[in-house]
Amino acid sequence: MARLPRRSVGRRGFLKDAAAGAAALVTAPALGAASQDAQQQAQIRPSVPPPSAGLAAAETNPPPPRVDVYTTDRPGSDFMADVLKSLGFEYVAANPGSSFRGLHESFINYGGNKEPELLTCCHEESSVAMGHGYAKIEGKPMLVMAHGTVGLQHASMAIYNAYADRVPVYIVLGNIADVGWRRSDVEWTHSVQDAAAMVRDYTKWDDAPVSLNHFAESGVRAYKVAMTPPCGPVVLVADAVLQEEGIAPEDRRRLRVPRLSPTGPPAADAGAVAELARMLVAAEYPVIAAGRVARTPAGIAPLVELAELLQAPVHDGQFMLRMNFPTRHPLKNAGSPTEADFILGLEKPDFFLITHRLTPVNRFGMDARRVTKAGAKIATISSLDLSTRNNYQDGGRYNEVDLAIAADAEATLPALVEACKRLLTPDRRRAIEQRGAKLAEASRRMRDAALDEAAWGWEASPISTARLSAELWDQIKGEDWSLVSDTTFVSNWPLRLWDFTKHHQFIGFSGAYGVGYGAPAAVGAALANRKHGRLSVNIQCDGDLNYAPAVLWTAAHHRIPLLNVMHNNRAYHQERMYVTDMAARANRDVSRAQIGNELNDPAIDYASLAKAYGVYGTGPIDNPKDLGPAIKKALDVVKRGEPALIDVVTQPR
Amino acid sequence: MIRMLVLALTLAAAGGAQAPAPPSVAGSAENGKRLYMKHTCYFCHGTAGQGSLAGARIAAVARNAQGFTRYVRQPSGQMPAYTEKILSDQELADIFAYLRALPAAKPAREIPLLDQLRPR
């Protein structure tokens with residue numbers, strides 16, 4: 001699509017002249033004595049070049065003087081804002097950047113800083129991860145703006161997490177495609193031919209529109225793509241010239257924002273559903289392995305109905321990826337998949353590990369041994385089969401299954417439940433009920449055992465993660481709470497002790513296990529919870545917080561209520577265990593595994609860190625008797641609408 | 001930066017049954033505590049031996065010193081083997097003495113925060 005005709009004031013010619021003048025101004029100091037000294041220094045030490053004088057001046061000097069007056073009452077970014085506002089974004093998260101300054105200004109003045117409202121972020125990784133956490137509560141994407149180069153480089157790991165977690169995040173990148181508009185070394189280095197290339201392997205779709213109508217069409221399409229399961233992050237480039245150039249009055253009538261026409265989630269065809277129902281009802285002992293099943297709150301009920309109809313236990317595997325199933329339900333994690341004669345995998349990325357055990361062998365790799373019962377049948381319903389990529393290896397091992405259905409599980413489950421109901425005879429129902437009674441008893445024993453295990457180390461210092469979880473539960477159980485963090489690093493104690501029943505009570509893990517996700521995702525999820533009046537709780541790992549701790553300031557600045565409870569084991573603990581393993585394998589000194597992994601000496605003062613960012617902070621707390629009162633005080637702060645942080649010195653896991 | 005999570009080092013199973021029985025030696029709980037911390041046993045099993053998702057509880061487990069040593073030498077789970085180059089039989093005996101000296105947990109029923117979690 002051709003770019004719109006330029007307005008009659010000769011904008012391009014004017015800016016070219018202005019840019020040339022500005023370039024002359026900013027490069028003038030390079031001819032001075034100080035600059036010559038710098039050049040000589042650079043020749044002496046070529047491996048550590050100083051910033052160029054032009055770059056230094058561009059970063060530090062005021063904007064170059066204008067040689068003419070140029071204004072517009074309708075920059076292209078206003079129309080871009082119209083497009084993005086039509087999609088219903090509540091928030092736009094950004095670390096400010098010059099390549100999207102036009103859009104930034106349009107959002108706050110033309111758009112009134114409402115829907116979307118600007119969220120001030122201190123790192124692009126935080127912006128995207130906030131969007132990641134937000135989407136898992138709100139069920140729709142947050143808008144994120146970033147530089148097409150340096151901003152996206154910062155954001156890339158968080159985008160990969162969202163991609164692997166199949167979560168929609170809508171990213172707009174600023175870029176100056178036309179060389180004639182780049183006024184300095186800064187703008188040259190911040191420009192790129194193909195901005196989205198860097199993240200194309202782990203985004204679902206991208207485009208770089210060359211006109212405003214192109215931006216409108218691709219903007220709406222991007223939203224539709226991001227929200228169609230399997231969901232994922234999308235990237236749209238907002239060219240800086242398109243943003244900043246005025247829209248001539250005669251061109252405005254040609255601009256149009258297309259209507260968003262959402263795509264329904266892909267459900268399985270009736271034949272596949274009927275075949276799966278037949279297999280499930282015929283099974284003597286079916287087990288369900290659930291991954292990212294409940295995309296929405298509506299996903300829980302049909303899974304519960306299916307499990308109860310068949311008295312089939314629902315297992316998470318190594319990680320609980322979504323709030324799919326009530327944690328205290330008698331069928332939750334009851335029995336074992338190894339005893340089943342039929343295993344149904346639902347949106348489970350690591351499903352292979354449900355049916356196999358891996359044992360390290362030698363340089364040939366892992367010995368993968370199937371551990372299912374002889375003759376057991378396996379089926380899957382997964383939208384992961386619809387989004388195959390090859391470079392980034394988030395696909396997991398290949399599964400040999402008897403029936404693979406490429407579809408969204410949440411969208412397919414209601415039909416599967418009905419199909420199973422139609423096939424159940426009175427005899428089958430009686431047999432199923434008997435199995436259910438046994439599983440309920442096993443579940444009760446498992447729960448009692450968890451409580452007994454939680455008692456070990458109850459008075460220990462550092463504080464046990466079971467104690468931390470029990471103390472927290474005692475004070476939030478009467479609230480409409482939401483755990484906006486994962487539980488793996490605290491030995492899953494919240495999942496074993498708390499009563500999770502609602503979708504918003506758990507948001508799963510990062511997706512790609514990229515550390516640095518936890519704190520910003522918690523802030524984003526807490527933001528989504530705010531308008532619902534929910535109490536957001538984040539069990540925050542110390543290593544994770546240190547990637548971009550300034551997200552605490554973002555929470556304070558935007559008055560996002562969030563209780564942060566540090567799981568402060570003073571280490572990158574997973575790596576300590578790994579290095580210990582390597583040392584033992586090499587018959588060497590395991591005691592040196594601390595080196596390079598500890599976050600101690602000096603111990604990091606997280607309470608002071610929080611205070612520095614304007615967040616209530618208390619601790620470090622290492623006496624378990626002090627924990628309950630500290631939680632109570634922090635909750636008072638959170639209930640006033642502010643974030644709070646308790647630094648708890650904890651056991652490693 | 002990107003890290004895979006592997007839950008490692010479990011002592012839950014009683015493996016290594018084929019290994020010859022190690023010599024029985026008396027242990028020093030005091031020295032065992034020092035060794036337990038120095039050799040990072042607590043990484044997976046906790047400073048109180050309470051266990052975690054990464055390693056089983058080893059406080060007050062029903063196992064004798066020889067069985068303990070045999071398991072550490074030839075573990076059956078994902079726990080790495082600790083050979084005599086890392087920990088001698090005497091040092092393992094000391095660690096075992098320390099683990100046996102750890103106090104048993106109070107029953108969960110006597111801890112109100114846990115007892116309230118029990119299904120009624």
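Analyst: A salt bridge here is a side-chain nitrogen of Lys or Arg within 4 Å of a carboxyl oxygen of Asp or Glu. Side chains of opposite charge can pair when their charged atoms come close.

First, the ground rules. This is a predicted model, in which local features need pLDDT of at least 70, side-chain atom pairs count only at pLDDT 80 or more, and totals for chains, interfaces and linings use all residues. Residues are numbered from 1 along each chain as its sequence is written, chains are lettered from A and ligands numbered from 1 in the order in which they are written, and side-chain values use heavy atoms, with hydrogens and water left out.

Now the network. Glu441(A), Arg444(A), Arg445(A), Asp448(A), Asp115(B) and Arg118(B) are linked by salt bridges. Members come from chain A and from chain B.

Take the pair in chain A. Arg444(A) and Glu441(A) join side chain to side chain at 2.9 Å, N to O. Both sit in helix H16 of chain A, residues 426-455. Helices (H or I, at least four residues) and strands (E, at least two) are DSSP runs, numbered from the N terminus.

How open are they? Buried means under 20% relative accessible area, exposed means over 50%, and partly exposed lies in between (1.4 Å probe, protein chains only). Arg444(A) has 39% relative accessibility, so it is partly exposed. Glu441(A) is partly exposed too, at 33%.

Now the pair in chain B. The side chains of Asp115(B) and Arg118(B) form a salt bridge of 3.4 Å, N to O. Asp115(B) has a relative accessible area of 18%, so it counts as buried. Arg118(B) is buried as well, at 8%.

Step back to the total. Over all chains, the whole structure holds 38 salt bridges. One of them pairs Asp165(A) with Arg322(A), at 3.1 Å from N to O. Asp165(A) lies in the loop between H7 and strand S4 (170-175) of chain A, and Arg322(A) lies in the loop between strand S8 (314-315) and strand S9 (342-346) of chain A, so the pair ties together parts 157 residues apart in sequence. Both Asp165(A) and Arg322(A) are buried.

Next, chain A as a whole. Chain A has 24 helices and 18 strands. Of its 653 residues, 57% are buried. Contact means heavy atoms within 4.5 Å. Among contacts in chain A between residues at least 6 apart in sequence, 80% join residues at least 24 apart.

Asn568(A) gives a local view of such contacts. Asn568(A) sits in the loop between strand S16 (562-567) and helix H22 (573-585) of chain A. Its relative accessibility is 0%, so Asn568(A) counts as buried. Leaving out residues up to four places away in sequence, Asn568(A) touches Asp542(A), Ile604(A), Tyr606(A), Asp647(A), Val648(A), Val649(A) and Thr650(A). The C-alpha atoms of Asn568(A) and Asp542(A) are 5.0 Å apart, though 26 residues separate the two along the chain.

Helix packing comes next. Two packed helices are described by the angle between their axes and the distance between the axes. In chain A, helix H6 (residues 124-138) packs on helix H7 (residues 150-164) at about 25°, with axes 7 Å apart. Axes are lines fitted to C-alpha atoms, for helices over the stretch in contact, and angles run from 0 to 180 degrees between N-to-C directions. H6(A) and H7(A) are therefore roughly parallel (angles under 35 degrees count as roughly parallel, over 145 as roughly antiparallel, 65 to 115 as roughly perpendicular and the rest as oblique). Residues of H6(A) in this contact include Val128(A) and His132(A), while those of H7(A) include Ala155(A) and Ala158(A).

Finally, chain B. Chain B has five helices and zero strands. Along the sequence, chain B reads α-α-α-α-α. Of its 120 residues, 49% are buried. In chain B, helix H1 (residues 29-38) and helix H4 (residues 89-101) pack at about 100°, with axes 7 Å apart. That makes H1(B) roughly perpendicular to H4(B). Among the residues in contact are Leu35(B) and Tyr36(B) of H1(B), and Ile95(B) and Tyr98(B) of H4(B).
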